[in-house]
Amino acid sequence: MARDLRVLVIGAGMAGILSVIRCRQIGLPDVTVYEKADRLGGTWRENRYPGVACDVPSHLYSYSFAPNPEWTHRFSPGPEIQEYLEAVAAEYDVDRDVRYGEEVTDLRWDGRRWHLRTASGIVDEGDVVIAATGVLHHPSYPDIDGLGDFAGTTMHTARWDESLPLAGRRVGIIGTGSSAIQTVPTIVDEVAHLSLFQRTAQWVMPAENPAYTEEEKAAFRADPGLLHTLHAEISELFSNGFSDAVVDADSEGMRRIEEACRANLEGNVHDPDLRERLRPDYRAGCKRLVVSPNFYDGIQRPNAELVTEPIDRIEAEGVRTAAGHLHELDVLVLATGFRVDRFLRPIQVVGTDGLTLDDAWARRPSAYLSISTPGFPNLFMLNGPNGPVGNFSLIEVAEVQFDYIAQLLEPLRAGEATWVCAGEAATDAFEEERTIQADNTVWATGCNSWYLDDRGVPMAWPWNFQEYRDRLAAPDPTAYVRG
Ligand code: NAP
């Protein structure tokens, strides 16, 4: 007999908003989202550092059902993305299904349903849980002696204090990932002095960021077909130019990316000593590729300094390097990235026969096709472990994943099963195949990055994006167990 399913969603970021809208569209209106913050937006709510933007083109980083003629730039700034998410959520009245200020602490499977508890003591139950908790969510704080001793203001890029004035102050930034590379050129002209503490140099992919003209936006508004065409074109360009390249370290596409990065360094960094200090000793794309039109410009400003001596410790006045030099600072920015192995944790998740997610993932997180982990029936992840991550539109990824999950739910809705879960054998076989394939990617060519797991294996989808679409077009019933 057909039955209605109650869906619990964790997180009201991009993927949580998507889940509510798509659940309703496929006839599952009984959805509640639990969001620990008091506002939706996820990564775009949290990352408010100066210069924050998405380095995936905005028309690609948009829901397929909510194209946006108003994007101001090819790569629009973070606050504009937050506004977009809020506007889409408002249009679909997502808020009526969101419980804000409720941090989920426990999820327990009783053999038929999931029981949820929040920090404030709310309890709820549902047939299905969709974890939309994000990948780059838990800030990673560096293990540097004396970090707590600094007398000025210390803040992580994902915990930026927008009320803190920077004008005329001495600012130090630790890290050279995408967050730091966006912050440097944005603040350099405002601050008195900027010290960038680089442990590892980065290749920087140049990218122009033109604004859309009023005429272009008017044309997009007048003809939504234009936006669909643009989306398809950019998606194609991105696949050909990027996702096909990074999964094959020897590809022509990879050579083109490397050449563009090298030409950027050679052509735009004028002082030979600085150029060499900014030159990485690994292949472009090995670490998550950093895209910037103006980082080199920023770091060459007279008040900017690249510090490549290792940091020894932090003191009340600033950062002391190994050679004994003290860099005096008023503000210390930790652009030191995220703990990427957390996913839904620290939520205590207990699945079949008391199995906890911490135990299941004791070695490292894994999931069949990044969606489902054996022992955790009816628990599905959006942007879960080992899926397509860097330099892709994670909105596109989440949409593909949601459509796949919707198909997994069909037998439950038809009353043919109470639960469905990836089987052990299929998950192990997939993991083995994935691990072998990951060796061909540029991420495995000899650098340290957040893509690598404890074994040094890239924690990412190692085939191209089309392969992901193809494999997620329809679930393979033999890969799943049902009850
Ligand atoms: P990240 O790429 O993980 O970079 C962290 C930086 O901190 C690295 O340069 C790292 O150096 C350095 N670091 C960490 N611990 C350190 C220590 N103890 N001493 C000195 N340096 C230390 O972090 P992120 O820049 O926040 O970016 C994370 C991810 O977020 C990106 O890769 C990207 O996927 C996403 N992101 C995207 C955008 C976008 O435009 N779409 C913007 C920002 C972020 P090592 O390299 O030596 O480890």
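**View 1. Surroundings of Ser 449.** The backbone nitrogen of Tyr 451 and a polar atom of the Ser 449 side chain lie 3.1 Å apart, a polar contact being a pair of N or O atoms within 3.5 Å, where within protein one must be able to donate a hydrogen and the other to accept it, and residues adjacent in sequence count only if both atoms are side-chain atoms. This is a predicted model, in which local features need pLDDT of at least 70, side-chain atom pairs count only at pLDDT 80 or more, and totals for chains, interfaces and linings use all residues. Residues are numbered from 1 along each chain as its sequence is written, and side-chain values use heavy atoms, with hydrogens and water left out. Ser 449 sits in the loop between helix H12 (424-438) and helix H13 (465-471); helices (H or I, at least four residues) and strands (E, at least two) are DSSP runs, numbered from the N terminus. Ser 449 counts as buried because its relative accessibility is 13%, buried meaning under 20% relative accessible area with a 1.4 Å probe and protein chains only. Not counting residues up to four places away in sequence, Ser 449 touches Cys 286 and Lys 287, contact meaning heavy atoms within 4.5 Å.

**View 2. The ligand and its polar contacts.** The ligand is surrounded by 23 residues, of which the closest are Thr 176, Ser 179, Thr 200, Lys 287 and Trp 450; a residue is included if one of its heavy atoms lies within 4 Å. Oxygen atoms of the ligand are found 2.8 Å from a polar backbone atom of Ala 53, 3.1 Å from a polar side-chain atom of Gln 182 and 2.9 Å from an N or O atom in the side chain of Arg 199. Taken alone the ligand exposes 910 Å², and the protein buries 85% of that, with areas from the Shrake-Rupley method and a 1.4 Å probe.

View 3. H4 contributes three residues, the largest share of the shell around the ligand. Eight of the 10 residues of H4 (residues 178-187) are buried, among them Ser 179 and Gln 182. The buried residues of H4 pack against strands S10 (170-174), S11 (193-197) and S13 (290-291), and against helix H9 (295-299).

**View 4. The two domains around the ligand.** The domain assignment, which is automatic or from a database, gives domain 1 (7-138 + 339-482) and domain 2 (147-208 + 238-334). Each of these domains supplies at least three residues to the shell around the ligand. Their centres, taken over C-alpha atoms, are separated by 30 Å, and 34 residues of domain 1 are in contact with 31 residues of domain 2.

Methods
Buried < 20%, exposed > 50% of the residue type's maximum accessible area, 1.4 Å probe, protein only.
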